[in-house]
Amino acid sequence: MSTEMGRKWIVATTSLAGCFGCHMSLLDIDEKIFELVKIVEFNKSPFDDTKEFSMECDIGLVEGGCCNSDNVRVLRLFRKHCKILISVGQCAITGGLPAMRNGIPVKELFQESYCNNLTLANSLIPNDEELPLLLDRIYPCHEVVQVDGFLPGCPPRADLLWEALNLLIAGKSLGKISMKNVKYD
Amino acid sequence: MEQSYIQITIDGREIMAKEGQSIVEAARDHGVVIPTLCDFKSLPPAGTCRVCMVQIGGRIVPGCTTPVSFGMVILNDTDDLRNLRKGLIEMLFVEGNHMCPTCEKSGNCELQNLAYQYGMLVPRFPFLFPHRKIESHLPHLLIEHNRCIQCLRCVRGVKAKDGHEIFGFIQRGINIRVTIDSTDPDALTEETAQKAMDICPVGALIKKKTGFKLPIGKRRYDVNGNG
Ligand code: SF4
Ligand code: SF4
C-alpha cells in the first residue's frame, strides 16, 4: 500500500459517547500497525495524545454518538477539519448502548444516578458550568452533521477497519466494502 | 387428485410450478432464492413483512401470498426490488430498538442476517427510538417488545395443546404489540418458551436462562456465512 499523494494521510480520531472499544479494535490490526504508521499520521487523536487540530485532516474517524453538548462541539469540529468523516461503530451509527436511555426524561436519569443511587453519601445533581449539558437523547452522528461513511460493529472488526482505511487511501468509497467483516455486534 | 403443473417464469427462467402454490413456494422448489422473514416452514403465509415482494408486470406483490398462475412472468432479482427490500429491512430496524450488541439472538437472527445480505451499513431513515417495554413476569419466557417485528409467526405457530391460540396482538398501528394469554397454563411452560424462541425470527421471544449460549463464531449465521 502506498500513498498516492506523496505524503502521509492525516487521520483524526475521537471517542464521543463511546467506550474506546473501536479505538482498541484499530490497534487490533496486529503487525499491520507497522504498515499503518508508514502511510498514516495522526492528528487530534488519543493514539498520539494530540488534543487539538493543528492541521486539516484527510480522514476523521468518530466513535460514539452525541450524548452531551461537548460531543456535538467536537463532532462539528471534526466535520470542519476532516475531508472524509466516518462513523465508526454501533454507537456512532445508531446511538448504541447509550441510546437505551432514549425515552427516559433527563431529570429521571439524574435523579437515579445522583440522588437515588444507594452507594451515594450525598445526593447532589452536578451543576458546574464547566460540565457539558446532557442532551435530551443520544443522537447518532449523521443526525448532527453530514457523515460520509459507516463502519458497523461493536466494535467493528479490525479487518473491517483495515479494509476501510485501504479503500479510502486508494481514493475509493466505502460503498465497496465487503460485507464479510460487517457485523452489528 | 392428480397434481397439475403450470408454467411460470422467474427472472427469465422457466419453471413448472404446482397449481395452488405461492410464488415463494414454487421458487423454493426450484432453488430460486426469494428472501423471506415472516414465512416459516409449514405455517400458512401471513404476508406481514413484505421482504418477498416480486414484480409482475407493473405491480409489486408479496410472493408468499400470491398464488402462481399460468404464464406468470415474475421479476425477482432486480436492482429496484433489492433496493425496496433493503428499504423495508431498514424500516424494521428504525421502527424498533435493535441494539444488536446486547441482543441474545445476535448471530442467530434472521432480520440481522438479511440486513447483512442486503449490505445495510446504516438505515436511510431516522431512528424512531420508540418507548417499548420488556415483559419479564412469565416464568420461562421474556418478551422483548423493542425487537418484535410483528411477523405473526408466534401467533401462527405456537399453540396450546388443544390447538387454540395463546399468542395474539393488541392495539393497532404503530402501537400494536404481541401478547400472550398468561391465564392459559400452556402459555407458561418451559416447552412453550423454547418453541416461541425457536420460531421468533428475531430476539423478541427469549427463553430465560438461555441467552448467549453459543459463543461468537459458532452461531447460526457465523457458521453459515452472510453477505
Ligand atoms: S432482534 Fe436481531 S436485529 Fe434486533 S437487536 Fe436482536 S440481533 Fe439485532
Ligand atoms: S414476537 Fe417474534 S414471532 Fe412473534 S410477532 Fe414478534 S417478531 Fe414475530
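## Basis of the model

The model is predicted: local features need pLDDT of at least 70, side-chain atom pairs count only at pLDDT 80 or more, and totals for chains, interfaces and linings use all residues. Residues are numbered from 1 along each chain as its sequence is written, chains are lettered from A and ligands numbered from 1 in the order in which they are written, and side-chain values use heavy atoms, with hydrogens and water left out.

## The interface between the chains

In chain B, 23 residues are in contact with 24 residues of chain A, where contact means heavy atoms within 4.5 Å. The two chains bury about 2000 Å² between them, 67% of it on carbon and sulfur atoms. Buried area is the accessible area (1.4 Å probe) that two parts lose on being put together, summed over both. On the chain B side, Tyr116(B), Leu121(B) and Phe129(B) lose the most area to chain A, together 34% of what that side buries.

Two salt bridges are found across this interface; a salt bridge is a side-chain nitrogen of Lys or Arg within 4 Å of a carboxyl oxygen of Asp or Glu. One salt bridge joins Asp222(B) to Lys183(A), with the closest N and O atoms 3.8 Å apart. Helix H3 (110-117) of chain B gives the most to the side that touches chain A, with three residues. Helices here are DSSP runs (H or I, at least four residues) and strands likewise (E, at least two), numbered from the N terminus.

## Helix H3 of chain B

H3(B) is mostly covered, with seven of its eight residues buried. Buried means under 20% relative accessible area, exposed over 50%, and partly exposed in between (1.4 Å probe, protein chains only). Among the buried residues are Leu111(B), Leu114(B) and Tyr116(B). The buried residues of H3(B) pack against helix H2 (79-95), H4 and H6 of chain B.

## Surroundings of the ligands

The residues around ligand 1 include Cys100(B), Cys103(B), Cys109(B) and Arg147(B); a residue is near a molecule if one of its heavy atoms lies within 4 Å of it. This shell divides into seven nonpolar, four polar and one charged. Ala, Val, Leu, Ile, Met, Phe, Trp, Tyr, Cys and Pro count as nonpolar, Asp, Glu, Lys and Arg as charged, and the others, Gly among them, as polar.

Around ligand 2 there are 13 residues, the closest being Cys148(B), Cys151(B), Leu152(B), Cys154(B) and Cys200(B). Here the division is eleven nonpolar, one polar and one charged.

## Salt bridges within chain B

Arg147(B) and Glu104(B) meet in a salt bridge of 2.8 Å, N to O. Arg147(B) lies in the loop between S7 and H4 and Glu104(B) in the loop between H2 and H3 of chain B, so the pair ties together parts that are 43 residues apart in sequence. Arg147(B) is buried at 8% relative accessibility, and Glu104(B) is buried at 19%.

Glu190(B) forms a salt bridge with Lys207(B), the closest N and O atoms being 3.3 Å apart. Because Glu190(B) lies in helix H5 and Lys207(B) in strand S10 of chain B, this pair ties together parts that are 17 residues apart in sequence. Glu190(B) counts as partly exposed at 43% relative accessibility, whereas Lys207(B) counts as buried at 12%.
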